[in-house]
Amino acid sequence: MWSTMQDYPLTISSIRRYGTEVFGHSEVATFTGDGVRRTSYAELGRRAARLANALRDLGIDADQRVATFQWNTAEHLEAYLAIPSMGAVMHTLNVRLSADQLVYIADHAEDEVVIVSGSLVPLLAPVLPKMATVRHVVVIGDADLSALSSSGKTLHSYEELLAAAPDTYDWPEIDERQAAAMCYTSGTTGNPKGVVYSHRSAYLHSMAACTGNAFALSAADRVLPVVPMFHANAWGLPYAALMAGASLVMPDRFLQAEPLARLIEDERPTVSGAVPTIWNDLFRHAREHESDLSALRLVVCGGSAVPESLMRSFEERGVHIVQAWGMTETSPLASVAHPPPGVADPWPYRASQGRVMSGLEARVVGDGDRVLPADGATVGEIEVRGAWVTAAYYKDEDSSKFNEGWLRTGDVGMVSSDGYLTLTDRAKDVIKSGGEWISSVELENHLMAHPDVIEAAVVGVPDPRWQERPLASVVLRPGAEVTAADLREFLAARVPKWQLPERWTFITEVPKTSVGKFSKKTLRQMYADGGLEVVRADS
Ligand code: ADP
């Protein structure tokens, strides 16, 4: 028997319509470095319609790909609303990718138009001529276009195009399973792989982000996505904010601690999201300058393991960090680490990767694809499936990342009977020492809890006796005098002796990937090339 219910498509177009009509007075405030410029959601809706008209005039009339090369701004939000709503596909280019990777993904996605922030023109200029399928480039704001003039592409001014276009658009009916947006994983190995989100997956993901077990977003919130809109759709925060009527505060290119702290003081966002390195820097700045972060009721942190020490430091300043886990392939939110109510000690839950959201399932899989118990203790590869998990990569025959309808995440960890996920490592970062596994994440978390340590990354390096042993790369607080032996002793109180690193190196900064995570590949390479000054501490 079929239901009697209407088959109402779940689309980004309906998020756009609802957000910009019902919450027309909510606003997006974009940081300019010394103030903000404001656009109401009503105006945002009109500008999205103008953009859609302008894109149609450039020949976008079906599911062509329109790329964005932008920081988090009101204009990027206009693209987020206009492109999928007109039935086209938004491809957010990660501005931090290497030139080769940018050209690869623009060609692979067959992008036809690129909308670029004026401040990013110098980054786009050298790669643009190589982007074979791109025909038009639309430049936002004032920029010196001379660098683009020999690219062979037709150049346009964003504001001129919008000014000439009508502020209403005959938005099409869209099938919820149609492609809405695409994002490439940053590809730590091999070429980046494309994930294509549907309208339905984006809609359901936004609803999930709004629920109380996630971020409980409402029209009373002001959301500051620090995580870039080119990184897994800024964790879905922009669409979720539109759906909830929450205003948005956009940091543009000002992602350093000092301007961010000022933005938080002036614009008083209630919810924000960024990777741990950003919060780490912001915390140190806020402590030194007595910044007022009290407006934040919830800080979402993820992308890599969130050190408990970081969460505790923020808690002391009255700011609550919640850890979330996910990946580009999962839209990206998959689990959120709110502790169960009433537990005596919430910290083990908060330090986990969180409870899997309704709409998704997670399981632990061992050798030979054997499904292991979800008992909170048995470790294996985590697999997920659900309404906003990709079932394949775009134009890619390789099915090795999928297992009978489940996505192999490449993350290693355990799932508890009440749905909490705890990761011990990424499969490729696990350190295999004499047949036993050492969790690099656990060692890092302990090290980063040391008062003199700012950052610590642990990687496996070849060892003649044990196959692999941990190498600890540590960034010390300026002026700290702690030695490798001291840190080893500090760790000895916390992990089994056989896991203690004997190789240590003190560096000024941990190298980061294009999305701000520790680049362990770079560290391993630096070690292999003899580029690290390693001291031994065995006892
Ligand atoms: P990339 O693979 O390019 O880093 P993603 O941003 O999709 O791109 O990264 C997803 C991965 O990030 C996950 O598979 C996991 O390894 C890691 N990750 C995300 N959130 C967390 C978290 N809270 N704790 C530990 N690892 C995390």
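**View 1. Strands E3 and E4 pair in the parallel sense.** Four bridges join strand E3 (residues 65-69) to strand E4 (residues 89-92); strands are DSSP runs of at least two residues, numbered from the N terminus, and two strands pair if DSSP finds at least two bridges between them. Thr 68 has Thr 92 of E4 as its bridge partner. The model is predicted: local features need pLDDT of at least 70, side-chain atom pairs count only at pLDDT 80 or more, and totals for chains, interfaces and linings use all residues. Residues are numbered from 1 along each chain as its sequence is written, and side-chain values use heavy atoms, with hydrogens and water left out.

**View 2. An open sheet is formed by seven strands.** The order is E7-E6-E5-E3-E4-E8-E9, with mixed pairing. Strand E7 (154-157) and strand E9 (194-198) each have a single partner strand, so one side of each is left without a neighbour in the sheet.

**View 3. Arg 363 is a buried residue of strand E17.** The strand spans residues 360-365. Arg 363 counts as buried because its relative accessibility is 18%; buried means under 20% relative accessible area, exposed over 50%, and partly exposed in between (1.4 Å probe, protein chains only). The side chain of Arg 363 makes a polar contact with that of Glu 383 at 2.8 Å. A polar contact is a pair of N or O atoms within 3.5 Å; within protein, one must be able to donate a hydrogen and the other to accept it, and residues adjacent in sequence count only if both atoms are side-chain atoms.
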